[in-house]
Amino acid sequence: MKSDSPLVSIIVPTYNYGSFLNESLLSVKLQTYSNWECIVVDDGSTDSTKSFVESLMDEDKRFVYIFQNQLGVSSARNTGLKYAKGKFIQFLDADDLLDADKLGRNIAHFVENPRTDLVYSDEMEFHVNQNNEILHDKSTRREITIPMEYKERVEKVLAATIFGMDNPLIRRGVVDKVVGFDTDIDTGQDWLFWFKVVLAGAKFEKIDGALVRIRVHNINKKRRNYVRSQRLIRSRMALQLNQDGLLYLNDKYKYWFITREARRLGHDSIAVWYGFKYFIFAFPKTMSDFKIFIGDILFPRTTAWLKKIATYKS
């Protein structure tokens, strides 16, 4: 490793994920690129997280442990950023894994392309059962493609988050520019964060391979208010889009925002009209979106039969 190789700060928020943390931090330790620091921010865990990370710190001084009292994952990531010293930031969820060459290949691309702000790749998703045993038949590769043209990129990130939190390596200056993570959002914080990064005009570039592995499971999940978070995220996206930015909204997003605002102002007939226009252009892709749109935005005081539809689970 060259002495002038840039420092990478890896930020790992965790809450009672001791059963996964061993694998995740081992994937950090096995990186072929060695100039990194790994900041583990413990958001109030009551399991073995502290003792495990402290024992790891005795073996490798590149690991750092910080404890905070259940302030949420966004606050944990912001705390990690506060202590981070690197020129590049790598986020890593406590249950996910990095390919051994992940940092090395990302940094090599940055060195060859100094104007790049963010480097990303495809992702691998792997499923585990309640015993954390890998279900090999459910492992899938997720191809990630971010449009080069700014307008298309904004439209893509308005629809959904563009990749997992662990995927990119990003310049510290870009993270500082978007002022970290919104601590009011209970779930989907990564979506709003990447939206702000896109809106800031960051230059994205993709490299070959799938360099992160995302674990899919239902173990030890915190209770979250999905509907409230979705409303907050979309509201804050709308606020950040200035008059010029609104030109980048295609019809389906315009109709979503118009419907929401019409409902807020009490214009029911307008809300219903544009609500159905939204359905024509972009019927919700998931049952969660359907619940939000029908049960929370369009008809918040709906009749019993609409409530039954809105809360139906496929």
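A contact is defined here as heavy atoms within 4.5 Å. By this criterion, residues 24 or more positions apart account for 76% of the contacts in the protein chain with a separation of 6 or more. The structure is a predicted model, in which local features need pLDDT of at least 70 and side-chain atom pairs count only at pLDDT 80 or more, while totals for chains, interfaces and linings use all residues. Residues are numbered from 1 along each chain as its sequence is written, and side-chain values use heavy atoms, with hydrogens and water left out.

The protein chain contains twelve helices and nine strands, taken as DSSP runs numbered from the N terminus (helices, H or I, at least four residues; strands, E, at least two). Of its 314 residues, 49% count as buried; buried means under 20% relative accessible area, exposed over 50%, and partly exposed in between, with a 1.4 Å probe and protein chains only. The chain exposes about 15,900 Å², of which carbon and sulfur atoms supply 52%.

Two strands are said to pair if DSSP finds at least two bridges between them. Strand 4 pairs with strand 1 (residues 8–14) in the parallel sense over four bridges, and with strand 8 (residues 169–171) in the antiparallel sense over two bridges. Phenylalanine 88 takes part in both pairings: this residue is the bridge partner of valine 8 and stands opposite arginine 171 in strand 8.

Helix 3 (residues 73–83) has Ser74, Ser75, Ala76, Arg77, Thr79, Gly80 and Leu81 buried. The elements against which these buried residues pack include strand 1, strand 2 (36–43), strand 3 (63–68) and strand 4, together with helix 6 (172–177) and helix 7.

Helix 7 (residues 189–199) is mostly covered, since ten of its eleven residues are buried. Among the buried residues are Trp191, Phe193, Trp194 and Phe195, and also the charged side chains Asp190 and Lys196. Helix 7 packs with helix 5 (residues 150–159) at an angle of about 170°, with the axes 9 Å apart. Helix 5 is therefore roughly antiparallel to helix 7. Axes are lines fitted to C-alpha atoms, for helices over the stretch in contact, and angles run from 0 to 180 degrees between N-to-C directions; angles under 35 degrees count as roughly parallel, over 145 as roughly antiparallel, 65 to 115 as roughly perpendicular and the rest as oblique. From helix 5, Tyr150, Arg153, Val154, Val157, Leu158 and Ala159 meet Trp191, Trp194, Phe195, Val198 and Leu199 of helix 7. By class, this contact has ten nonpolar residues, no polar residues and one charged residue (Ala, Val, Leu, Ile, Met, Phe, Trp, Tyr, Cys and Pro count as nonpolar, Asp, Glu, Lys and Arg as charged, and the others, Gly among them, as polar). Just after helix 7, glycine 201 takes a positive phi of about 85°.

Most residues other than glycine have a negative phi. Asparagine 16, in the loop between strand 1 and helix 1 (18–29), has a positive phi of about 55° and counts as buried at 15% relative accessibility. Glutamine 70, in the loop between strand 3 and helix 3, has a positive phi of about 45° and counts as partly exposed at 43% relative accessibility.

Key:
Areas by Shrake-Rupley, 256 points an atom, 1.4 Å probe, with all protein chains shown as cover.
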